[in-house]
Amino acid sequence: MIKSYKIRRHVANAFIYIVLAVLGIIWVSPLAYMLLHSFRADGFSTYPYLIPKEFGFDNYIALFTNTEMLDFPRWYLNTFVVAIFSCIISTLSVLMVSYAFSRLRFKSRKKFINIGMILGMFPGFMTMVAIYYLLKAMGLDGQLVALVICYSAGAGLGFQISKGFFDTIPRALDEAATIDGATKNQIFWKIILPMSKPIVVYTVLTSFIGPWTDFILAKIIMGDNLENYTVAIGLQKMITLEFKTEYFKQFLAGSVLVAVPVTILFLFMQRYYVEGVTAGGVKG
């Protein structure tokens, strides 16, 4: 019985590993193709071989020098500026709202929490057209500041995970600081935040990745304003019928460069990211 059980267990584990390996290959294959062909020095948009025969940095060089029609460096800078400002505003907004709901007790607190959770259930694309016409009425359509406003204005509604993390911090710390004469503001900035590095890192990463990779909302707001395009819109422009023959390899190189900042951030902050997610799910 024990031997047959071990055999079945080994067979089941082998099957699971094979399935996971196949899924892993399927998931990694497009990334490997993108990376390899971003260094391709031969051919145009179509290529019959999986692995290029010639490699070089021409695609990356052309991406930053061939800017007469499609200005990738400007789009990259636009996206970086929007992502940085949105990240700062969103992070502060989420952490302060989370701390208020976690620590403060005020009238209609539960109702505000429930309203925030209900609003968070609705997909963002439902309001995109209305947002565009509001921005157009204010003369902000096609402007980068409009993207910062859209990405950061409603960030406070994503307070659930951060609130759960703050709930795990003992209230005795707040009470001791209050006895010593500290205000709520001082407690938040000087006591709670220094102890909350995991959730701060998690919030920074999520607040940065959203604006950095967004396409739909940015496309609606920017319209035909080519100079204020973000990298997501610009890369999509490179593979349109008008440009794909000339810019396909540059599109692959640009896709690699878009992944670089997020990858670096995640590698350096992975430990804190995981701690923030797990600790934030302890309490609701």
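In the predicted model, Ile-221 contacts Tyr-132, Leu-135, Asp-141, Gly-142, Gln-143, Ala-146, Leu-147 and Cys-150, when residues up to four places away in sequence are not counted. Ile-221 also belongs to the largest nonpolar core, a set of 37 residues, where Phe-72, Trp-75, Leu-147, Ile-221 and Met-238 touch the most other members. Two or more residues of this core are supplied by each of helix 2 (58-65), helix 3, helix 5 (128-137), helix 6 (144-153), helix 10 (197-213), helix 11 (216-222), helix 12 (231-238) and helix 13 (244-280). The greatest contribution, eight residues, is that of helix 13. Another core lies apart from this one and consists of twelve residues, including Phe-165, Phe-166, Ala-177 and Tyr-202. In soluble globular proteins, nonpolar side chains tend to be buried together.

Helix 3 (residues 72-103) provides the largest share of the patch, namely nine residues.

The loop between helix 3 and helix 4 (109-120) contains Ser-108. The phi angle of Ser-108 is near 65°, a positive value in a residue other than glycine. Most residues other than glycine have a negative phi. With a relative accessibility of 30%, Ser-108 likewise counts as partly exposed.

Definitions and conventions: Residues are numbered from 1 along each chain as its sequence is written. This is a predicted model: local features need pLDDT of at least 70, side-chain atom pairs count only at pLDDT 80 or more; totals for chains, interfaces and linings use all residues. Side-chain values use heavy atoms; hydrogens and water are left out. Helices (H or I, at least four residues) and strands (E, at least two) are DSSP runs, numbered from the N terminus. Buried means under 20% relative accessible area, exposed over 50%, partly exposed in between (1.4 Å probe, protein chains only). A nonpolar core is a set of buried Ala, Val, Leu, Ile, Met, Phe, Trp, Tyr and Cys residues joined through side-chain atoms within 4.5 Å. Contact means heavy atoms within 4.5 Å.
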